Amino acid sequence: MRLTETADVWWKNAVIYCLDVETFFDTDGDGSGDLRGVGQRIDHLADLGVTCLWLMPFYPTPDRDDGYDITDFYGVDSRLGTHGDLVELIMLAHDRGIRVIVDLVVNHTSDRHPWFQSARASRESPYRGWYVWQDEPPANQHEGIVFPDQETSLWEYDEEAGQYYLHQFYKHQPDLNVAKAEVREEIQRVIGFWSQLGISGFRVDAVPFLLDTTGAVDAGNLPDPHDYLRDLRAFLDRRHPQSMLLGEVNLKYPDVRRFFGDEDGDELTMCFDFIGMQRLYLSLARNDPAELVQALRQRPAAAEQGQWGTFVRNHDELTLDKLSDAERQEVFDAFGPAKDMQVYGRGLRRRLPPMLGNDQARLKMVYSLLFSLPGTPVLFYGEEIGMGENLAIKGRAAVRSPMQWTDGPNGGFSTAAPPHLAAPVTEGEFGPKHVNVAAQRRDPDSLLNWIKLLVRRYRECPELSWGDCTILEHDAPTVFAHRSEHEDGAVVTAHNFGPEAARVTLQVADSGAELCAVDLLRDGRTDVTASGQLSLELEPYDARWLRLVRPGDRYLI
């Protein structure tokens, strides 16, 4: 394996861990997590095997949308720390081989941002054109509303400005006008600033909305919005080579592929696989991997140096918007039958363990899938210990409850009184008395130690992240199996989606190859027949990773 395969394009086999600073660890007892707290718990991430830390917004904010309503793109919210605290965290992470990326939320600002305050005050303001204004809302103002439970239009009349402004999200988040050259230049300055402090890349929020110039009077200045994305990528590559852009692009596969750019990848470095995630949940609801298989077969190849980001859960609602109404209802019936478990009629505000009834075998199977599917795995904080959601928290924030470190007060998150916490701690079966880091570190059979093993094996198997994936045909309907090969190596995985044992025979090699299959997640090996077949007995919700080796091969497990 060439050095460039792990260094120059590090995101291809990274382990990305997303966290909300506000709910991770509180060091000063004010009830809110802080950047120093992340630094104090950085060894937990290093021990887990994380290689890339993704920080959700830590910028100054009125906090009406969990930090995604920003008043200063160059600042650090004083509740969370200072620029010095951030730089110290970056140094601590780098010391442990962990890169840091941050959210780039430049589709909109808070309505309290000084730019918007100036823009609304006068039509002569230099910032007036930084937002999208119209004297009258267009006829389609009610179409494409992202939050239909809270908004009725994409346009809001501003009394002070005497015009309507565009907001594709909440009305307190007016859209920036990316068709304006000055706005595009300012966004470059923002990413240049944070990169100079040691940030290794950006998770770009709501990319299709960012590039949408609908309603902008000077949209003609940007004939192809993708030209701007190329310019942004080129700027970052010039300033800080080996930085990455991870895009939130929830579109159909052919449309998502456009955001990678050309074959070499001159736009986004990575894109999340939203369709694969949704088809995975439909497969789990049916105990049948067919829908996941279909998604993988339809998914286009990323750019040569790009990568797909795979995930089981993220910080937003678990969107199911690309499923049909009937398919979405199947997932609702299986994993979120109560209305308060659903959100916007299109997704779930739950974490995986409660959805699966805390079935540890099934949970371990799903995370084995996450780390073996082609792509770069992305974890959301608390997944490594099987945290549950807190439905007492409104909306999408139900999955953003405080991290559970111990079985002590507030789960070891903070010494503050419960009413002063940034969010209430989960209670009941998934509360810290039953689910916490400290207990699972000492339990060899815990989910935490299982995920540590998966991370270790994933990092040892470049075939999974760099290789060509072939879905293996067989006659066991509940089993998903695939082979990944890269250079001279090959790894075969098999996952049983069903609650009953299954036997499967897989064609893993050509006839005449002298091979055996060495288990990577347990002790043992299995012979491969002279005809190139491998037979496996899989327990309910079983997961197997096997490396194909020849006599005399040197391997380490």
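This is a predicted model: local features need pLDDT of at least 70, side-chain atom pairs count only at pLDDT 80 or more; totals for chains, interfaces and linings use all residues.

User: How many aromatic pairs does the structure hold?

Analyst: A pair of aromatic rings is described by the distance of the centres and the angle of the planes. Rings count as a pair here if their centres lie within 6.5 Å. The number of aromatic pairs in the structure is 32.

User: Are the rings of tryptophan 115 and tryptophan 130 stacked or edge-to-face?

Analyst: Let's look at the angle, since planes over 60 degrees apart count as edge-to-face. The centres of the tryptophan 115 and tryptophan 130 rings are 4.9 Å apart and their planes stand at 65°, so this pair is edge-to-face.

User: How many residues apart are tryptophan 115 and tryptophan 130, and which parts of the chain do they link?

Analyst: Tryptophan 115 belongs to helix α4, residues 114–121. Tryptophan 130 is in the loop between α4 and β4 (133–134). The pair therefore links distant parts of the chain, with a separation of 15 residues.

User: What kind of pair do phenylalanine 116 and tyrosine 131 form?

Analyst: Phenylalanine 116 lies in helix α4 and tyrosine 131 in the loop between α4 and β4, so their pair ties together parts 15 residues apart in sequence. Both of these residues are buried. Their ring centres are 5.0 Å apart with the planes at 75°, so the pair is edge-to-face.

User: Which ring has the charged end of lysine 12 sitting over it?

Analyst: A charge can sit over the face of a ring, and there is one example at arginine 351, which lies over tyrosine 381 at 5.3 Å from the ring centre. Tyrosine 381 is also part of a cluster linked by ring pairs, together with Tyr17, Phe24, Phe25, Phe380 and Trp405. For lysine 12, the charged end is 5.1 Å from the centre of the ring it sits over, and that ring belongs to tryptophan 466.

User: Which element supplies the largest share of the lining of the largest cavity?

Analyst: A search of the whole structure finds 4 cavities of 30 Å³ or more, and the largest holds about 110 Å³ of space. Its lining has 13 residues, and those closest to the centre are Asp273, Gly276, Met277, Thr310 and Leu373. At least two lining residues come from each of α9 (274–286), α10 (290–298) and β10 (307–311). The largest share, 3 residues, comes from α9.

User: How many charged residues are in the lining of the second largest cavity?

Analyst: This cavity has a volume of about 60 Å³. Its lining includes Asp20, Glu22, Asp63, Asp66 and Arg79. By class, the lining has 4 nonpolar and 2 polar residues, and the number of charged ones is 5.

User: Is glutamate 267 buried or exposed?

Analyst: Glutamate 267 lies in the loop between α8 (253–258) and β9 (270–272). Beyond its neighbours within four places in sequence, glutamate 267 contacts several residues, among them His226, Arg230, Arg233 and Arg258. Its relative accessibility is 1%, so glutamate 267 counts as buried.

User: Is glutamine 196 buried or exposed?

Analyst: Glutamine 196 lies in helix α5, residues 181–196. Its relative accessibility is 58%, and the cut-off for exposed is over 50%. Glutamine 196 therefore counts as exposed.

Definitions and conventions: Residues are numbered from 1 along each chain as its sequence is written. Side-chain values use heavy atoms; hydrogens and water are left out. Rings of Phe, Tyr and Trp (its six-membered ring) pair if their centres lie within 6.5 Å; planes under 30 degrees apart count as stacked, over 60 as edge-to-face and the rest as tilted. Helices (H or I, at least four residues) and strands (E, at least two) are DSSP runs, numbered from the N terminus. Buried means under 20% relative accessible area, exposed over 50%, partly exposed in between (1.4 Å probe, protein chains only). A charge sits over a ring if NZ of Lys or CZ of Arg is within 6 Å of the ring centre and within 35 degrees of the ring normal. On a 1 Å grid over the protein atoms alone, a cavity is a set of points where a 1.4 Å probe fits but cannot get out, and a pocket is an open set with protein on both sides within 12 Å along at least five of seven lines; lining residues have an atom within 4 Å of a point. Grid points are joined across faces, edges and corners, and a volume is the space filled by probe spheres set on the points. Ala, Val, Leu, Ile, Met, Phe, Trp, Tyr, Cys and Pro count as nonpolar, Asp, Glu, Lys and Arg as charged, and the others, Gly among them, as polar. Contact means heavy atoms within 4.5 Å.
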